[in-house]
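Biologist: Could you walk me through this model before I set anything up with it? I would like to begin with the overall picture and then go to single residues.

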Amino acid sequence: MSQVADYVLNRLTEWGVQRIYGYPGDGINGLLGAFDRAAGKPEFIQARHEEMAAFMAVGHAKFTGEPGCCVATSGPGAVHLLNGLYDAKLDHQPVVAIVGQQKTLCLGSHYQQEIALEQVFADVSEFCQMVVHPGQARHVIDRAFKTALTTRGVATVIIPEDIQEADAQPSPPKAHGSVFSSVGWSPSRMLPDEDELRRAAAVLNEGEKVAMLIGQGAAGAEGEVIETAELLGAGVAKALLGRDVLPDDLPWVTGPIGLLGSKASDEMIQNCDTLLMVGSSFPYSEWLPDEGKARGVEIDIDGRMIGIRYPMEAHLVGDAKETLRALIPLLKRKEDRGWRAEIEKNVEEWNRICDKRAGQHFDGTINPQAVASELSPRLPDNAIVTADSGSGTNWWARHLKLREGMRASLSGTLATMGPGVPYAIAARFAHPDRPVIAFVGDGAFQMNGMNEMITVKRYLDRLAGGPPFIFCVFNNQDLNQVTWEQRAMGGDPKFPGSQTIPDVPYAAYAELLGLRGIRCESPKKIGSAWDEALSAGGPVVLEFKVDAEIAPIPPHIMLEQGKKAAEAAVHDPERTGIVKRGVRQKLTEYAERLPGRDGG
């Protein structure tokens with residue numbers, strides 16, 4: 001007779017799970033034996049750390065639309081999952097975590113590695129349940145998947161060691177208390193109230209300068225978003241999690257918004273008289289219109305999140321595609337296209353500014369903007385691009401132009417360091433026929449990305465060959481994003497004690513592992529370095545030695561932040577470099593607006 005652990009893995013397979021990311025420990029010995037007997041159905045993928053396994057599960061969910069799955073042992077292994085699971089929770093991704101626990105006999109005795117897992121996972125999980133009887137496993141697994149898919153959140157299943165090794169009960173006894181569940185789930189069609197639709201249409205039809213802001217909730221509604229924008233003569237800004245909803249080559253797509261955003265997005269949002277938000281919980285009010293300046297309409301599938309970022313006159317609770325389909329027949333095409341023309345002009349201007357800024361190199365060092373700018377026209381069709389948290393995220397957001405069919409993601413709401421590499425690994429496992437490129441700062445790469453190169457080595461037979469698979473590392477020996485935040489938000493100079501990190505030969509480390517390593521230190525060789533990496537035919541660590549003194553200049557500088565940055569610069573150890581670079585970078589904006597500008 002098979003064990004509960006065997007039954008659990010078989011049930012996961014029935015739910016469509018092909019691989020589970022994890023790390024072993026004696027608290028899941030029963031499951032490990034079952035993985036061996038399962039012969040790859042599902043497959044156990046060994047990460048270097050449970051946190052990375054959870055990030056891989058999130059990456060799988062983001063790039064497939066399927067539930068991601070991870071597994072960890074009891075005690076410390078379970079705790080390690082939490083950061084990755086919070087990434088799933090905050091970015092609304094379906095992830096199922098299977099966690100071991102000490103034997104039921106010893107629970108409550110302060111036993112080794114015994115922690116209160118149901119309490120620990122209560123906040124991160126939409127569903128959290130411990131299996132305490134073999135006949136319970138069926139409905140707990142089923143409900144975990146149904147809950148993760150329905151809520152687009154985390155479900156945690158805790159299985160003590162003795163239950164894992166007990167005889168399975170695929171069908172519980174027909175008795176009071178037994179539950180008979182089934183595998184299966186389908187998404188619903190959620191439509192808003194018809195009166196609210198008419199109210200929304202009236203607001204949008206009356207507006208003369210409509211701006212749209214879309215997030216990941218608009219995924220799958222590309223055609224409807226385009227048709228809505230065309231009818232309203234609107235431009236479309238994209239929150240970072242919505243980067244791949246629309247391609248960047250549409251002339252009225254203004255790109256990212258916020259601190260990492262574009263000038264074109266900022267000018268559109270600040271000057272609009274009507275704001276239509278679709279599937280985004282973008283939280284930063286300073287980058288939205290002043291209250292009362294614009295009328296608002298919002299579409300969101302989660303009624304708990306609607307109308308909490310900006311005051312709205314119409315609250316459309318429904319999924320983006322179906323809601324826009326119902327809204328479009330009520331919209332009137334705006335014949336005056338002056339607002340649209342102004343948006344398109346600002347997009348062209350912003351693109352020229354980005355190109356000019358990327359072309360500025362100082363003292364023979366590589367401008368990090370150029371790393372993204374040089375890749376952009378070289379991006380292979382159907383590429384998947386990931387980013388970690390750091391200053392490199394600015395260049396990923398501003399300088400990489402996504403085309404139709406490309407995918408992109410990062411840790412949006414948690415904004416944690418660490419997921420860039422594991423997201424990319426999960427994307428490659430899920431889509432071995434697609435190019436995958438990760439943008440990672442040296443801080444995040446040192447934190448955990450380097451360890452996951454060992455995972456790449458472990459599965460090199462699967463990950464080598466085929467389309468490009470590149471880990472682009474920005475080496476500036478600085479925890480750069482926080483350094484700039486210290487200056488602009490804290491009014492403090494760079495503190496080398498916390499911000500400076502060791503110079504590590506990342507490309508050489510890759511070579512040591514048997515992977516391909518490429519290092520670039522010259523601005524003139526950025527393009528050829530990308531060409532070499534893109535044609536390598538296997539995993540590559542592409543290291544760029546970049547300038548740490550290029551500021552991620554926001555679309556508009558808040559007065560208070562400007563004052564603090566100026567105060568910090570007086571005492572900053574890098575003051576000469578940051579002033580020189582900052583002035584020249586900012587001048588590209590003013591040059592674009594000079595009379596007689598040639599646009600070059």
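This is a predicted model: local features need pLDDT of at least 70, side-chain atom pairs count only at pLDDT 80 or more; totals for chains, interfaces and linings use all residues.

Biologist: Fine. How many helices and strands are there in the chain?

Modeller: The chain has 24 helices and 18 strands, where helices (H or I, at least four residues) and strands (E, at least two) are DSSP runs numbered from the N terminus. Its radius of gyration is 25 Å, close to the 25 Å that the globule rule gives for 600 residues, so the chain is as compact as a globular protein of that length. That radius is taken over C-alpha atoms, and the rule is 2.2 Å times the number of residues to the power 0.38. Along the principal axes, the C-alpha trace spans about 85 × 65 × 45 Å.

Biologist: And what percentage of the residues count as buried?

Modeller: Of the 600 residues, 57% count as buried; buried means under 20% relative accessible area, exposed over 50%, and partly exposed in between, with a 1.4 Å probe and protein chains only. The accessible surface of the chain comes to about 23600 Å², of which 52% belongs to carbon and sulfur atoms, by the Shrake-Rupley method with a 1.4 Å probe, where for residues only the protein chains shown count as cover.

Biologist: What share of the contacts joins residues 24 or more positions apart?

Modeller: Such pairs account for 75% of the contacts in the chain with a separation of 6 or more, a contact being heavy atoms within 4.5 Å.

Biologist: Switching to cores: which residues touch the most other members of the largest nonpolar one?

Modeller: In that core of 55 residues they are L85, F445, M453 and F471, and helix 3 (residues 50-64) gives the most to the core, with eight residues. A nonpolar core here is a set of buried Ala, Val, Leu, Ile, Met, Phe, Trp, Tyr and Cys residues joined through side-chain atoms within 4.5 Å. Another core, of 36 residues, lies apart from the largest one, and A370, W396, F474 and W530 are among its members.

Biologist: What does F471 contact, leaving aside its neighbours within four places in sequence?

Modeller: F471 is in contact with V421, A424, I425, A438, M453, V456, V540, V541 and L542.

Biologist: And F439, is that one buried or exposed?

Modeller: F439 is found in strand 15 (residues 436-441) and, at 2% relative accessibility, counts as buried. Not counting residues up to four places away in sequence, F439 touches A372, L375, T386, A387, D388, G392, W396, L400, C472, F474 and W530. The C-alpha atoms of F439 and A372 are separated by 8.9 Å, although the two residues are 67 apart along the chain.

Biologist: Where does R243 lie?

Modeller: R243 lies in the loop between strand 8 (235-238) and strand 9 (253-256), and at 3% relative accessibility this arginine counts as buried. Beyond residues up to four places away in sequence, R243 touches K238, D248, W396, A397, L400, K401, L402 and A408.

Biologist: Why do you call helix 11 largely enclosed?

Modeller: Eight of the nine residues of helix 11 (residues 263-271) are buried, so the helix is largely enclosed by the rest of the structure. The buried ones are K263, A264, S265, D266, E267, M268, I269 and Q270.

Biologist: What about T228, which residues does it touch?

Modeller: T228, in helix 10 (residues 222-232), is buried, with a relative accessible area of 0%. Leaving out residues up to four places away in sequence, T228 touches M212, L276, L324, I328 and L331.

Biologist: Last topic, the backbone. Which peptide bond is cis?

Modeller: The bond from K41 to P42 is cis, with omega near 0 degrees, and P42 is placed in the loop between helix 2 (29-38) and strand 2 (43-46). As for phi, D363 has a value near 55 degrees, positive in a residue other than glycine, and D363 counts as exposed at 58% relative accessibility. A415 has a positive phi of about 50 degrees although it is not a glycine, and at 45% relative accessibility A415 counts as partly exposed.

Conventions. Residues are numbered from 1 along each chain as its sequence is written. Side-chain values use heavy atoms; hydrogens and water are left out.
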